[in-house]
Amino acid sequence: MENYENVNAEDVQYEKSSSKNKIKPEKTKKDKKGLGWFFFAVIIIVLFLFLKPFYILNEGNVAIITKFGAVVKTEKEAGLHFKMPLIHTVNKYTAKLLRLDGDPQKILTLEKQYLKVDTTSRWRIVDVKKFYESLTTYESAYSRLSDIVDSSVRDIISVNSLADVVRSSNIINESKNNEEFNLENAEVDLGSIKTEKVSFPVIKKGREALADEILKRANSQLGEFGLEVVDLIFKGIKYSDELENSVFSRMIKERNQIAGTFRSTGDGEKLKILGELENEKRTILSQAYAEAERIKGDADAKAVAIYAESYGKSPEFYSFWKSMEIYKNSLPETEKILSTDMEYFQYLYKH
C-alpha cells in the first residue's frame, strides 16, 4: 500500500509538472497575437489621422465636399467637421464681400462723345455649388466678372446721354449765380451779363440710376455662376482730350465773364463811394470855412475894440505902434528909393 501510494503521488506530481509545461507555450502565443493586433490598430489609427479625416471651417467661409469630382455636401456651419480620407475633397470659399476693380475703358455716349470710365464694385458668392460647378477658382471668377461687368457698363453708357453719366441731379439748372457766390441781389447783378448763356441739359436718369441698371444687367448674367454684384461705383469719369478742352474753354469763358461783371460792379461802387467822399469833404470844408470866418470876424471885432480902447487912452502911442508895424511889413519888400523928409518916416528920422 505504501508503494502504491508513493507511485500515485509521483505520478500526480509528474502529471502536474507536465501540464504546466504544456499551458505556458499556449499563453505566450496568445499574448503575442494580442500585442500584434494592438500595434496594428495603433498603426491604422496613426495612418488614419495622417490622412487628415477632419477639417476646420472658419466663420464666414463655406465648404464644398466632393467625391471624385461630384458634389456631395455643402457645409456652411463653422467648426470641426469630418470627411472620408482619400475619398472626399474639401473646397473652401469665402462668403464675405470681395472687391473688383474694372478696367478703365473708353466708351462712346449717345451724343457720340467719348468718355473714359473707371468703375469699382463689390461681389460675393451666393450659390457655392453653382460657383464650384461652373468656375471652381477665384481666378476664373474674377475673369468672368470683369468681362460681364465691363460689358454691362459699356452697354448702358452707350445708350445714355453724357449728362446722365456725369451728373446725378438737375441742381445745376436750379441754382443761381448769386446763390453760388453767396451774394445779395443788391450787390452784384450776375443776371445782367450780356453774353451767351450756357444752358445745361436736363438729365432723365442720372449717374446713380445708371449704376443700378448696370447692376441689374450684370446680375442677370451672373446668376448661372452663383455670383452676385452687390454695388457698383463710378470711380472715375473723364472727358476725352477733345471734349475736355472744349469744356474747359467754355468754363474759362464763363468765369471770365463773371469776373468782368464783378470788376465793373466794383468800379461802379468805387466811383460812387469816391463821389460821396468828395461831397462829404466839400461839406466839411465849407462848414469849416464858415466857422473860421466867423471866428476871424469875432477876433477882428475884438481887435478893433482893443485898438479903439488903446487909441482912446494914448493916441500918440497908438500912432507910433501902427507905424512900426507898417515899417516892419512894407520896408523889407520895397524896391523904391524914398526920401527921409517924407511924413511916412516921421518916427524914424524926425525924433
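I took helices (H or I, at least four residues) and strands (E, at least two) as DSSP runs, numbered from the N terminus. By that rule Ile56 is found in strand E1. The model is predicted: local features need pLDDT of at least 70, side-chain atom pairs count only at pLDDT 80 or more, and totals for chains, interfaces and linings use all residues. Residues are numbered from 1 along each chain as its sequence is written, and side-chain values use heavy atoms, without hydrogens and water.

**Chain.** I found 10 helices and nine strands in the protein chain. Of its 351 residues, 23% are buried (under 20% relative accessible area, 1.4 Å probe, protein chains only). I looked at contacts (heavy atoms within 4.5 Å) between residues at least 6 apart in sequence; 69% of them join residues at least 24 apart.

What does Val153 touch, not counting residues up to four places away in sequence? I listed Gln105, Ile107, Val117, Thr119, Ile214 and Leu232.

**Surface.** I then noted a nonpolar patch of Phe54, Ile56, Leu80, Phe82 and Met84. Together they have about 510 Å² of accessible area (Shrake-Rupley, 1.4 Å probe). Strands E1 (54–57) and E4 (79–82) each give two or more residues to the patch. Patch members have over 30% relative accessible area and no salt bridge, with nonpolar side chains joined within 5 Å; a salt bridge puts a side-chain nitrogen of Lys or Arg within 4 Å of a carboxyl oxygen of Asp or Glu.

Terms used: Patches are made of residues with over 30% relative accessible area and no salt bridge: like charges are joined within 9 Å, nonpolar side chains (Val, Leu, Ile, Met, Phe, Trp, Tyr) within 5 Å. Buried means under 20% relative accessible area, exposed over 50%, partly exposed in between (1.4 Å probe, protein chains only).
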